[in-house]
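Please read the following explanation with the sequence and the model side by side. Find each residue as it is named.

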Amino acid sequence: MLTGWQLLLSKFFIIPQRWVMAIMGFLAVANAYTMRVCLNIAITQMVRRHAPSSAYEDGSCPAEVEEALSDASEISGYNWDEETQGIILSAFYYGYIVTHLPGGMLAERFGGKYSLGFGVLSTAIFTLLTPWTVNIGGATGLIILRVLEGLGEGTTFPALNAMLARWAPVSERGRMGSLVFGGAQIGNIAGTYFSGLVIKETGDWESVFYLFGSIGILWFILWALLCYNDPESHPYISDKEKKYLEEALGRHRNSQPSAIPWKAIFMSVPLWALVCAQIGHDYGYFTMVTDLPKYMTGVLKFDIHRTGTLAALPYIVMWISSIIFGWLCDKIVKRQWMTVTNARKTFTTIASVGPGICMILASYSGCNTEAVVILFTASMGLMGAFYPGMKVNALDLSSNYAGTIMAIVNGIGAITGIIAPFLVGLLTPDSTLVQWRLVFWITLAVFIVTNLVFVAWASGDEQWWNSTPQEARKQTDASGSVNTEVKTQA
């Protein structure tokens with residue numbers, strides 16, 4: 001039974017506690033992404049830039065009149081070349097891939113509240129320390145700091161999966177999952193747009209890190225007060241909601257999960273096909289997320305506010321398109337127009353070939369800024385088809401070990417977050433159109449090769465190793481009972 005103050009608090013909330021958790025989870029993902037991507041905008045103002053030219057030279061677009069007439073103080077900054085910037089932008093993912101799988105295992109064992117909470121909190125603290133670190137340690141200090149941020153954020157998605165498993169009934173899982181993980185695109189939108197706006201209004205890049213770091217700490221305080229690992233440990237959940245969740249989910253027991261069939265998982269051909277698709281998706285996605293602001297400022301010569309605004313637009317379209325593609329895929333499968341396997345392959349192909357072609361067309365559109373922005377936006381919009389394609393394929397292969405599989409797949413895919421920004425830095429030392437075209441041709445090649453592997457060997461069917469030892473034993477017993485019955489009748 002609830003105590004007096006707990007009963008008061010339970011009546012204070014208009015919405016159920018499971019949706020409070022979902023909303024806070026959505027804000028967790030959004031905060032994580034704003035702190036991750038704000039550097040992508042800020043670094044364009046942190047580095048020393050060449051005085052803009054009003055003419056088209058060496059594959060660079062003419063600068064806007066206001067920027068061309070700006071004084072030299074606006075182009076001062078740290079003397080980091082493109083290769084150094086690439087290392088800085090990729091440093092986050094060194095830490096991110098390290099804690100992905102351990103974070104998932106810890107969340108499954110002890111609950112996701114504090115593995116998620118402290119992960120976001122540490123990222124917020126490091127974000128607040130970014131200006132001080134850069135001023136004291138320069139590029140080396142920033143690289144180390146970004147690795148530490150990645151270590152904290154690596155627990156985000158595994159921990160949220162663990163929380164959803166304990167709070168989301170099957171009938172509400174689609175909506176709650178869409179809400180929570182939709183925070184990624186909202187974070188990209190907010191991080192890019194408000195970074196550009198804040199730098200434009202304040203005149204310095206440091207304010208961006210103070211803003212998003214402070215919001216992250218505020219989120220942690222609310223998370224610690226409002227959210228709990230499961231309904232059983234929640235102090236002011238209503239008896240009605242608690243009973244409903246117990247009936248819908250069953251009591252979650254803090255016991256060790258059955259032994260994970262590591263050998264069978266790593267020998268699974270459909271799993272490695274999924275890993276290839278994840279690599280293709282992440283390579284293209286990280287190329288766009290990390291380096292699109294640099295393309296807009298370095299090649300198209302947009303000012304920082306325009307860069308922040310237009311760099312946010314593709315993520316708005318991707319968020320909307322992912323919902324539309326998801327609805328369309330579900331409808332196709334439900335009406336049996338395609339098998340699950342063919343639907344996964346079809347939508348993954350749309351999300352691979354389409355964006356790659358749009359990137360190539362954008363690079364050949366030269367300085368036609370309207371066409372470039374439209375094509376980049378279309379590229380990210382088509383990437384939304386990845387969600388009903390390969391993104392949900394782990395659940396097809398294995399519902400019992402989906403968390404472990406997602407940690408493996410996402411962890412390996414995140415390695416491209418290290419490779420893509422670094423490679424862009426190497427290939428675009430002068431940030432010209434010709435250099436960037438090579439970047440996009442490589443991206444298209446990665447998309448096509450990884451998609452071909454997925455189309456050839458992917459599966460939407462449950463794999464044999466999904467059965468836990470207990471389930472396998474039940475199936476064996478049931479099979480034995482049937483055989484005995486048949487023999488008796490004979």
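The model is predicted. Rolling a probe the size of a water molecule over the atoms shows where empty space is left. How many cavities of 30 Å³ or more does the count come to? The count comes to one. The volume of the largest cavity is about 50 Å³. Its lining is made up of R36, V37, N40, L89, Y93, R146, V289 and T290. Sorted by class, this lining holds four nonpolar, two polar and two charged residues. Three helices each supply at least two of the lining residues: α2 (17–46), α4 (82–98) and α14 (269–298). Of the contributors, α2 gives the most, with three residues.

Is α8 mostly buried or exposed? A residue counts as buried when its relative accessible area is under 20%. In α8, 10 of the 12 residues are buried, so the helix is largely enclosed by the rest of the structure. Among the buried residues of α8 are F157, L160, M163 and W167, and R166 is also buried.

Aromatic rings are the next topic. Across the whole structure, a search finds 18 aromatic pairs. A pair of aromatic rings is described by the distance of the centres and the angle of the planes. Take Y93 and F286: their ring centres are 4.6 Å apart and their planes stand at 50°, so this pair is tilted. The pair links distant parts of the chain, since Y93 is in helix α4 and F286 is in helix α14, 193 residues apart. Y93 counts as buried because its relative accessibility is 3%. F286, at 5% relative accessibility, counts as buried too. Y93 and F286 belong to one aromatic cluster, which is formed by F92, Y93, Y96, Y285 and F286. Y93 is also one of the residues that line the largest cavity.

A second pair is made by W219 and W223. Their rings are stacked, with 5.2 Å from centre to centre and 20° between the planes. Both residues are in helix α11 (residues 206–226), and being four residues apart there, W219 and W223 are separated by about one helical turn. W219 is buried, with a relative accessible area of 3%. W223 is buried as well, with a relative accessible area of 0%.

Rings also occur together with charges. The charged end of K113 sits over the ring of Y228, at 4.0 Å from the ring centre. Likewise, the charged end of R437 sits over the ring of Y364, and here the distance to the centre is 4.5 Å.

The last stop is a loop residue. T428 lies in the loop between α21 (416–427) and α22 (433–457). Is T428 buried or exposed? T428 counts as buried, because its relative accessibility is 1%. The C-alpha atom of T428 is separated by 9.9 Å from that of G298, although the two residues are 130 residues apart along the chain.

Notes:
Residues are numbered from 1 along each chain as its sequence is written. This is a predicted model: local features need pLDDT of at least 70, side-chain atom pairs count only at pLDDT 80 or more; totals for chains, interfaces and linings use all residues. Side-chain values use heavy atoms; hydrogens and water are left out. On a 1 Å grid over the protein atoms alone, a cavity is a set of points where a 1.4 Å probe fits but cannot get out, and a pocket is an open set with protein on both sides within 12 Å along at least five of seven lines; lining residues have an atom within 4 Å of a point. Grid points are joined across faces, edges and corners, and a volume is the space filled by probe spheres set on the points. Ala, Val, Leu, Ile, Met, Phe, Trp, Tyr, Cys and Pro count as nonpolar, Asp, Glu, Lys and Arg as charged, and the others, Gly among them, as polar. Buried means under 20% relative accessible area, exposed over 50%, partly exposed in between (1.4 Å probe, protein chains only). Rings of Phe, Tyr and Trp (its six-membered ring) pair if their centres lie within 6.5 Å; planes under 30 degrees apart count as stacked, over 60 as edge-to-face and the rest as tilted. A charge sits over a ring if NZ of Lys or CZ of Arg is within 6 Å of the ring centre and within 35 degrees of the ring normal.
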